[in-house]
Amino acid sequence: MAKSSENIIEVKDLVKKYNGFKAVDGISFEVKRGEIFGILGPNGAGKTTTLEMIEGLRPIDSGEVHIDEFNVNNDPNKVKSVIGVQLQSSAFFDYLKLTELLEFFGSLYQRKVNPMEILKEVELEDKAKSQVKTLSGGQKQRFSIASALVNEPKVLFLDEPTTGLDPQARHHLWGLIQQIRDNGKTVVITTHYMDEAEILCDRVAIMDAGKIIKLDTPDNLVDRLIKKGFKKKKVEKAANLEDVFLDLTGKLLRES
Ligand code: ADP
């Protein structure tokens, strides 16, 4: 059991070495039930390695991870029953319809799924009979999230979910991720976009060189920096170029 019922994930002194190099260097943190938790950091910081150890996909050198009532070190398969991990589009067979793919993924978990219900959650009902190759970038991302929902997970892991999407599709996906959380799931997300983290995440852990260097709410982190006397070189206006872009082109999704 995660030691506190408030926490759905507890990570303690997690370490991963590659030939003596510590890619993850003794990190500890907790994720609370129902929050959207961000893991941020520059390339090579150790985010993917951390996520994959938590998900039970990469062996842990030392340290412990508890998810819900399971210890990842002892029960990796049980952990897989409570987590949802996005599949990459290379895992999608071209000749199957979206509904058939979801049924197939469900069968991997020995679960009978209701594909239309899952497609509704990611607003792809009208694409039910389409093949993945005909989807737009945003639709593919949404389907990849759908693939992570087939086992009705308690925790959803999203690895850079909006990379490569246009502003309309990003904003739309943020709304969907918030909805999935509001429906009772915990979300752990990695991203390179600070605006995304600021809008979506209740708390963020900032990683660098295998360590967590700061963990707090985006608001507290910004306030603390300002308190230290930080001044922006250019004072921001009440709107930015993205606001202009969305004002001109609208928030409507551009997909058929
Ligand atoms: P991030 O996701 O933050 O970009 P990674 O977890 O992918 O960081 O990588 C952290 C560090 O570990 C990097 O220096 C990377 O080169 C190294 N690394 C990751 N996977 C392997 C591997 N399989 N073998 C050797 N080194 C690796």
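## Helices α5 and α6

The axes of α5 and helix α6 (residues 167-182) come within 10 Å and cross at roughly 15°. Axes here are lines fitted to C-alpha atoms, for helices over the stretch in contact, and angles run from 0 to 180 degrees between N-to-C directions. α5 and α6 are therefore roughly parallel to each other. The bands are these: under 35 degrees is roughly parallel, over 145 roughly antiparallel, 65 to 115 roughly perpendicular, and the rest oblique. The crossing of α5 and α6 is right-handed. Left-handed means that the near helix is turned anticlockwise from the far one by less than a right angle, and right-handed means clockwise.

From α5, the contact uses Gly138, Gln141, Arg142 and Ile145. From α6, Ala169, His172, Leu173, Leu176 and Ile180 take part. Contact means heavy atoms within 4.5 Å. By class, the α5 and α6 contact has five nonpolar, three polar and one charged residues. Ala, Val, Leu, Ile, Met, Phe, Trp, Tyr, Cys and Pro count as nonpolar, Asp, Glu, Lys and Arg as charged, and the others, Gly among them, as polar.

## Basis of the model

The model is predicted: local features need pLDDT of at least 70, side-chain atom pairs count only at pLDDT 80 or more, and totals for chains, interfaces and linings use all residues. Residues are numbered from 1 along each chain as its sequence is written, and side-chain values use heavy atoms, with hydrogens and water left out.

Helices (H or I, at least four residues) and strands (E, at least two) are DSSP runs, numbered from the N terminus.

## Helices α3 and α5

Helix α5 (residues 137-147) also packs with helix α3 (residues 98-108). Their axes lie 10 Å apart, at an angle of about 30°. α3 and α5 are therefore roughly parallel to each other. Their crossing is right-handed.

On the α3 side, the contact is made by Leu98, Leu101, Leu102 and Phe105. On the α5 side, it is made by Phe143, Ala146 and Ser147. The α3 and α5 contact counts six nonpolar residues, one polar and no charged.

## The six-stranded sheet

Six strands form an open sheet with mixed pairing. The order is β6-β7-β8-β3-β9-β10. Two strands pair if DSSP finds at least two bridges between them. β6 (83-85) and β10 (211-216) stand at the edges with a single partner strand each, so one side of each is left without a neighbour in the sheet. Neighbouring strands are turned by 20° against each other on average, direction ignored.

Within this sheet, strand β3 (residues 36-40) runs parallel to strand β9 (residues 203-208), joined by four bridges. Phe37 has Arg203 in β9 as its bridge partner. Helix α8 (residues 218-227) packs on the sheet and touches β9 and β10. The direction of α8 makes about 100° with that of β10.

## The four-stranded sheet

Four strands form an open, antiparallel sheet in the order β2-β1-β4-β5. β2 (21-32) and β5 stand at the edges, each with a single partner strand, so one side of each has no neighbour in the sheet. Nine bridges pair β1 with β2. Asn7 has Lys32 as its bridge partner in β2. Helix α1 (residues 47-54) packs on the sheet, touching β1, β2 and β4. The direction of α1 makes about 120° with that of β1.

Strand β1 (residues 7-18) and strand β4 (residues 62-67) pair antiparallel over five bridges. Lys12 stands opposite Glu64 in β4. Two bridges join β4 to strand β5 (residues 70-71), with Ile67 opposite Phe70. β4 and β5 form a hairpin with two residues between them. Asp68 in the turn has a positive phi of about 55°.

Val222 lies in helix α8. At 37% relative accessibility, Val222 counts as partly exposed. The cut-offs are under 20% relative accessible area for buried, over 50% for exposed, and partly exposed in between (1.4 Å probe, protein chains only). Val222 and Asp182 are 40 residues apart in sequence and 25 Å apart in space, C-alpha to C-alpha.

Ala238 sits in the loop between α8 and α9 (241-249). Ala238 is exposed, with a relative accessible area of 90%. Ala238 and Ile67 are 171 residues apart along the chain, and their C-alpha atoms are separated by 41 Å.
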